[in-house]
Amino acid sequence: MTDITVGQNPPKPAPVDAPAHSYLDTPSLWSWLATTEHKRIAILYAITVTFFFLIGSGAMAVIRLELMTPQADVVSDEAYNRLFTLHGVVMVWFFLIPSIPTIFGNFLIPLMIGAKDLAFPRLNLISWYLNLLGGLFVIYVLISGGVDTGWTFYTPYSTMFANGAVIAAAAGVFFAGFSSIATGINFIATIHMLRTKGMTWFRLPLFVWAMYAVSLVFILATPVLAITLVLISAERYFGLPIFDPANGGDPLLFQHLFWFYSHPAVYIMILPAMGVVSEVITCFARRKVFGYTFMVYALVAIAAISFFVWGHHMFVSGMSPYAGLVFSLLSFVVAVPSAIKVFNWTGTLFRGQITFEAPMLYALGFLGLFTVVGLTGLFLASIPIDVHVHDTYFVIAHFHYIMVGGSLSALYAALHFWWPKITGKMYPESWARFAAIMMFFGFNFTFFPQFILGYLGMPRRYHVYPPEFQALHVISSTGASVLAAAYLLPILYLTWSLFTHRNAPNNPWNATGLEWQTTSPPPPENFTRPPVVNKEPYDYEEDRDPDRPANPQLAGAGS
Amino acid sequence: MSSVSVDDTALPVAEPAVPEAWDTIEEEQEAASFGMWLFLATEMLFFGGLFLCYTVYRFTHADGFLAGARATDVKLGTINTVILLTSSLTMVMAVQGGRLGLRGLVWRCLAATAVLGAAFLAVKGYEWSQDLSRHLFPKAHFAIAECGASMFWALYWVMTGLHGIHLTIGVVIVTRLAWLMRGLTSLKIPDLITIGLYWHFVDTIWIFLYPLLYLSGRAP
């Protein structure tokens with residue numbers, strides 16, 4: 001075999017070959033901390049992201065415990081404010097935003113496009129250290145007593161009245177932001193310039209397209225957040241009047257600047273998830289993705305429209321009602337490409353030979369939860385309903401469905417789907433299926449009651465509430481413990497699988513992507529010779545197993 | 001060009017090592033300048049936030065902004081504009097010299113660019129100290145009473161401060177590059193065009209800052 005090609009039928013029992021050498025070979029600490037290799041940097045990111053996930057979850061555990069009763073009995077109101085701020089800052093900037101792009105994007109983009117590395121390997125390492133620097137600021141904030149502004153840093157509270165390490169928190173987010181920018185620049189340059197022979201733009205895997213779209217948002221939205229944080233730090237530290245109403249400044253201007261970044265940031269969290277789900281669903285349905293070009297255009301359209309909808313966070317802030325009207329309309333528009341994606345995933349499943357491995361279960365969970373997000377998003381985009389449920393648990397539930405339900409399901413799908421490639425080990429399938437189902441139930445158990453709570457009027461950011469809300473809060477807190485178990489279980493069995501489980505074949509799922517054509521785990525140079533692509537992406541149909549039933553229900557029952 | 005003709009001979013070809021991701025140094029050069037353009041897009045939005053604040057407040061507090069702008073030191077600002085535009089000229093000459101393989105021209109022009117950049121910073125530092133002594137830092141004892149002038153000066157400090165930080169970074173990397181170019185046998189390194197782009201960007205920001213901060217409010 002002279003060239004590695006996409007879409008060839010892999011030999012069918014795939015040989016379990018221990019690779020001659022892999023990127024994991026030299027174990028010295030320094031060789032990891034000074035590495036410029038994309039696969040190793042992905043592992044470094046995986047470690048820091050997991051660490052911050054645990055910190056953010058810990059804060060949430062205390063919050064959910066506090067909300068079990070209508071009175072304040074676990075923490076003081078001051079501590080409660082600091083807990084939800086910590087939860088928001090850590091989960092948004094140190095967990096969700098870096099998670100899929102920096103772990104799986106870093107690891108997979110060069111493999112999927114047949115490159116040896118990312119375009120700027122040193123910049124890639126710098127981005128990890130910037131992220132770490134930002135993280136250290138956040139840990140300093142945590143030790144020094146926290147911040148009580150909420151993750152949104154609204155002025156004039158954050159600049160004039162809040163006590164706590166606002167500037168340190170802003171610095172942490174600032175450096176994490178530049179880490180994202182470095183990653184975005186790297187991804188765009190890589191995808192433009194390092195595609196292997198035959199890998200045309202419209203043969204790119206949808207995961208790579210998703211990374212491309214998310215990188216555009218990284219480099220165009222994040223700097224606006226950075227300058228906004230510089231401005232509030234300057235106002236707080238030097239007393240420069242920029243958003244101070246006493247000197248004629250306008251706090252609304254801060255909100256515009258903040259949401260100009262922070263709304264696209266939601267799409268930073270969900271676009272990578274869409275990429276992952278596209279890969280997983282096509283693989284386990286053994287179907288070519290339905291409407292590939294539409295999927296690509298939808299990704300790019302979502303990224304583009306995401307820049308024009310920020311005002312829907314400000315319907316009740318005193319913004320001009322005409323602006324509200326336009327932002328409401330544009331927010332409805334973003335639902336169109338999102339719906340295209342949902343329909344195309346469903347179209348891909350139709351008449352597929354579906355099997356329910358763990359990544360597929362997570363991906364199907366994503367599909368359901370994302371649909372709920374899309375529909376409740378329409379509620380919130382219409383001004384009359386938004387005025388009613390603004391700053392209530394309805395909004396909390398809505399954005400947790402997208403961030404936790406959507407992004408985290410996809411993160412776990414990716415983790416299981418590419419675990420054999422990344423580590424060279426299989427994971428225990430039945431445990432994984434159990435965890436996937438538990439996560440779906442735990443998630444709905446936790447967050448569906450919050451839709452009802454919010455609709456009934458429970459405001460966000462309160463730790464003391466009227467007793468009639470207690471039942472729903474108790475349901476939600478109970479669900480959260482199920483959810484926590486569903487998050488921790490994979491961390492345990494995946495770690496265990498590293499030491500005990502059987503070696504993974506090169507292509508355990510018979511998938512078509514280039515990343516499956518090299519060894520598991522891949523060698524440092526990724527491919528022994530540059531791969532050549534001569535097939536369309538997701539060419540699954542021709543290697544369908546003729547022995548398996550074509551009826552998806554039977555196939556599902558058989559698994 | 002007599003002064004730079006000393007070592008403009010054909011250069012011996014000694015290729016530096018190509019980093020792992022690339023097959024040839026030309027590809028890497030192309031990627032480096034593409035990456036820099038992407039970074040400049042980022043920088044444009046970074047400064048764009050400031051320009052947005054300026055625009056909004058310029059409309060809501062027109063008189064205060066004009067009163068504030070009249071208090072800036074237009075002489076020093078103009079001198080600095082001339083200095084910075086000249087530094088862009090020397091940077092262009094360095095980049096063009098790199099294309100033609102004129103090593104002596106390249107490192108001398110880079111050194112001149114760094115010196116001009118440092119001169120800008122020196123003048124700016126002097127101007128800042130003058131501003132401070134005239135109570136133009138918008139805190140206690142601020143010199144201008146008009147509403148909005150304090151916001152103009154808040155933006156003045158942030159804008160010129162961030163521009164100064166960018167320029168300081170530029171001076172450091174251009175100095176380093178000039179030093180490297182003196183000893184290097186090959187001009188085939190990707191940094192020259194990339195750093196040139198960065199330098200021109202910082203210059204362009206100043207071209208916007210100059211009229212906004214120094215010229216407004218001074219029309220007869």
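Two residues are in contact here if their C-beta atoms, placed from the backbone, lie within 7 Å. Keep that in mind as you work through this predicted model.

**Exercise 1.** Describe the make-up of chain B.

*Solution.* Start with the elements: chain B has six helices and zero strands. Next, look at burial: 40% of its 220 residues count as buried. Finally, turn to the contacts between residues at least 6 apart in sequence: in chain B, 81% of them join residues at least 24 apart.

**Exercise 2.** Work out how α1(B) and α6(B) are oriented to each other.

*Solution.* First find which residues meet. From α1(B) they include B:W37, B:L40 and B:F47, and among their counterparts in α6(B) are B:L197, B:F201 and B:I205. Sorted by class, this contact has 12 nonpolar, three polar and one charged residues.

Now for the geometry. The helices pack at an angle of about 15 degrees, and their axes are 9 Å apart. Angles under 35 degrees count as roughly parallel, and α1(B) and α6(B) are therefore roughly parallel to each other. As for handedness, α1(B) passes α6(B) in a right-handed crossing.

**Exercise 3.** Find which element of chain B gives the largest share of the side that touches chain A.

*Solution.* Begin with the whole contact, which takes 28 residues from chain B and 33 residues from chain A. On the chain B side, the elements giving two or more residues are α1 (25-60) and α5 (149-183). Of these, α1(B) gives the largest share, with 15 residues. To finish, check the classes: this side of chain B has 18 nonpolar, six polar and four charged residues.

Technical notes. Residues are numbered from 1 along each chain as its sequence is written. Chains are lettered from A and ligands numbered from 1 in the order in which they are written. This is a predicted model: local features need pLDDT of at least 70, side-chain atom pairs count only at pLDDT 80 or more; totals for chains, interfaces and linings use all residues. Helices (H or I, at least four residues) and strands (E, at least two) are DSSP runs, numbered from the N terminus. Ala, Val, Leu, Ile, Met, Phe, Trp, Tyr, Cys and Pro count as nonpolar, Asp, Glu, Lys and Arg as charged, and the others, Gly among them, as polar. Axes are lines fitted to C-alpha atoms, for helices over the stretch in contact, and angles run from 0 to 180 degrees between N-to-C directions. Angles under 35 degrees count as roughly parallel, over 145 as roughly antiparallel, 65 to 115 as roughly perpendicular and the rest as oblique. A crossing is left-handed if the near helix is turned anticlockwise from the far one by less than a right angle, and right-handed if clockwise. A residue is buried if 20 or more other C-beta atoms lie within 10 Å of its own, exposed if 12 or fewer, and partly exposed in between; C-beta atoms are placed from the backbone.
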